[in-house]
Amino acid sequence: MADTTALPLQQLIASLDSACLPKILQVCSGVYFQGSIYEISGSEVCFSTGDLIKVIDIELLSVSCEDICTNEKFELPISHTGLFKVVPEEMPYSTIEEMVSLRPVGLDSCLPFTFTNQSPMTFGNFTLGAGRVLTMLSIEQHEGEESQVRCYVQGQQEASAELCIPLSSRGEFYECESKDCFTLQEIMSSPFLRSRRFRFMNVSKYERPLVLTPTYQVRAIMNLRKNVLKFPSSLEVDVVDVTELCKDVDFMTPLSLTDVLSQPDESFPTVVEILEKPETNSLFKCSWLPELSQNEHLVFHKKGTSAMVLISSLKSRKAQQFFLVSQQYGGRFRRRPREFSSVYELYVALMQAPGLRVSVTRNCDEDEEEGLPTLSVGEQLEVVRCERMELPCGGRDGQKQSVEALLCQRLQDPDDEDDDEEEEVKQVNEREDVLLPLYMQAHFVEVLTDNKKYKIKDLGKEYSLPLDVKVVSRDTELEADPLSGFACLRIEGAMLEPIIQASFLHKPAHCFEIPTQWLSMSVSFNKNPLPWPSGQPPTLYVDKVTEVTDSFFYEFQKQGNSDAAPPPRPPKRNLSSLKPPKKSSKASKKSSKADKCTKNKSTPTKEFADLTLNSKRRPPAPPPPAISDDAPPPVAPRKPSGTEMTTVKALPNTYVKMEESAKNVSRCELVADVDSDHDYEIVEDTLAAMMKTAQENIMSYQ
């Protein structure tokens, strides 16, 4: 064992900096029955005297707070937002330099601070009496001279002075309580602050002084074990730093997938062993993920980047599915028509691929003042270009305004279906130009004129994403193509992912691509032979479709580019010059029909409008009677289903409150509607008696 001072594990780990890792520690004491076994998060950690531990990473988890008076301990998360104040030391400092050395590293941010001297001090012709309060303002360093602190001294009768005191000045100095407050993060990041005692700024939480100790999660490896260990720094073992003495000890080197990408190309193909399996991952639903278990061996064939697209199925009764598809996918796609909900979306599509033709899916009314033309369902438009148009109405200053608009050509008029063939040919030859302002809200569907089949990489070159497609010919290299069974798929986006091409030892030719930015695991290279004859690598078959979860889709959307410019707003108008919009001919016809249907129909009340479930006309509701708060609400009798009125009298439904006040409920009358053919009856005394008897029976069973 090295001749070095042993320290508790927690103290030594707290003194380490991530930049100085890795460190090799040796267990020297604190072992029970020659082996301390700790069950930590389901993994067994066993240390024996003499064991070598190579610390490769530390992560601050929490802070242990110990009451120095009662030795009580409690934990605080590192994200705790409370503030702490430094408790002044009770023991005096012998020099000013000693007192300054225990201030935080960023000393300037903690200045000024105050202290007292309990013994008189003389500086040249100036004598500083005992018990004076001094405020340190700054530290001054001059080349060739001793460092000094500039202090402010509050004198008697409000007289004050500033003087410079050498750091080496000796005396009996005591700190005064400071107003500075610190968070847990600030305290844990400063070795000087970690050595101090603290008190909650809000004393209602806890009044007594506390010693704050960081608790880290330690990731380490051992020379005689393969797996990566994880354990808290609070384990009660003593260790010693033997990094310099054990440089030649052979430790297994764990590599993250990012570390694997940094390895030279000559290192592949190689056999690796999984030291840490992927954590419970909700991003992938592929078949190979569950097989990535600890101590499993893989073949890493090569590293590189792969162009991929994210594809989703459309929402339906079945759960929506998502796929990560390599651009090497061999299937063929055919485009599905795109839908647009504004003219601006047409403009964006036109800029990416000219020659756009659409069909109107909703009627639009003409508005001359806003520059909005009439559009009817079924009209086909060919989008030509973007230009500026002048609006008929002026702005607030009365001057004419010009806005950007799309120049389109009407290809047909659906109202002229009965015209003869000659008139239709003439109409096509004389296309009508129409200007659509970019801020116009309208609904269109794309008219596709080609049945071309595309490879997945060609779609991204010619069209913008997202894009609706359908697989028309499956990838014949795949045993089961999961994309071929969908009526419509949407290509959400494209990405260039760093990947590692891997396979299992029992199926070395069947490869899959591991996206290193979306999966976290730890492996180690070993010297095991490759699972094929030397110099005869197999022909590789690579999975091109990987199913992912909706969580992957949402994470992908978060990383998307949101720098696109918003659509334009309509220009400001001179309100006095605005006119009511004109309706299209179709809309006018529909409106006139609706007016005829509703001319004699009464407007429903707010309550009944919400309860109306269909468009059939109902008899008018009776006016509400004047009833007391305790009276049951009246309900109109149901209309008989037969064609003739029956002579049997039916009582209306009533609500009865199960309270004593219900005994005094008075009768309420239902007033018949003068426009209705129903006669509403009065609730008889027999009904009240029946209800009273029912209440008594119910109470007898309670």
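About 70 Å³ of space lies in the largest cavity of this predicted model. The count of cavities of 30 Å³ or more comes to 4. Elsewhere, the largest nonpolar core has 33 residues, and another core of 21 residues lies apart from it.

**Cavities**

- Rolling a probe the size of a water molecule over the atoms shows where empty space is left.
- The lining of the largest cavity includes Met308, Leu324, Val325, Ser326 and Glu513. Pro515, Asp543, Lys544, Val545 and Thr546 also line the largest cavity.
- By class, this lining has 5 nonpolar, 2 polar and 3 charged residues.
- Strand 24, strand 34 and strand 37 (545-548) each supply at least two residues of the lining.
- Strand 24 gives the most to the lining, with 3 residues.

**Nonpolar cores**

- In soluble globular proteins, nonpolar side chains tend to be buried together.
- In the largest nonpolar core, the residues that touch the most other members are Phe284, Trp288, Leu292, Phe300 and Leu519.
- Helices that give two or more residues to this core are helix 5 (257-261) and helix 9 (550-558). Strands that do so are strand 22 (270-276), strand 23 (297-313), strand 24 (322-326), strand 33 (489-504) and strand 34 (507-515).
- Strand 33 provides the largest share of this core, 5 residues.
- Another core, of 21 residues, lies apart from the largest one. Among its residues are Phe47, Tyr216, Val218 and Val239.

**Contacts of Phe300**

- Leaving out residues up to four places away in sequence, Phe300 touches Leu257, Val260, Phe268, Pro269, Thr270 and Val272, among others.
- Further contacts of Phe300, counted in the same way, include Ile500, Gln501, Ala502, Ile514 and Val523.

**Helix 9**

- Which residues of helix 9 are buried? They are Phe552, Phe553 and Phe556.
- Why do they lie on the same side of helix 9? They cover an arc of only 100 degrees around the axis, which puts them on that side.
- What covers these buried residues includes strand 23, strand 24, strand 33 and strand 37.
- Strand 24 and strand 37 also each supply at least two residues of the lining of the largest cavity.

**Backbone exceptions**

- Most residues other than glycine have a negative phi, and most peptide bonds are trans.
- Pro22 is found in the loop between helix 1 (9-14) and strand 2 (23-29).
- Pro269 is in the loop between helix 5 and strand 22.
- Asn71 has a positive phi, near 65 degrees. Asn71 sits in the loop between strand 5 (52-67) and strand 6 (73-77).
- Is Asn71 buried or exposed? Asn71 counts as exposed because its relative accessibility is 53%, and the cut-off for exposed is over 50%.
- Asn295 also has a positive phi, near 70 degrees. The loop between strand 22 and strand 23 holds Asn295.
- With a relative accessible area of 42%, Asn295 is partly exposed.

Technical notes. Residues numbered from 1 in each chain as written. Predicted model: local features only at pLDDT ≥ 70, side-chain atom pairs only at ≥ 80, totals over all residues. Heavy atoms only, no water. Core = buried A, V, L, I, M, F, W, Y, C linked by side-chain atoms within 4.5 Å. Buried < 20%, exposed > 50% of the residue type's maximum accessible area, 1.4 Å probe, protein only. Helix = DSSP H or I, 4+ residues; strand = E, 2+ residues; numbered from the N terminus. Contact = heavy atoms within 4.5 Å. 1 Å grid on protein atoms, 1.4 Å probe; cavity = no way out; pocket = protein on both sides within 12 Å on 5 of 7 lines; lining within 4 Å. Points joined across faces, edges and corners; volume = space filled by probe spheres on them. Nonpolar A, V, L, I, M, F, W, Y, C, P; charged D, E, K, R; others polar. Arc of directions from axis to C-beta.
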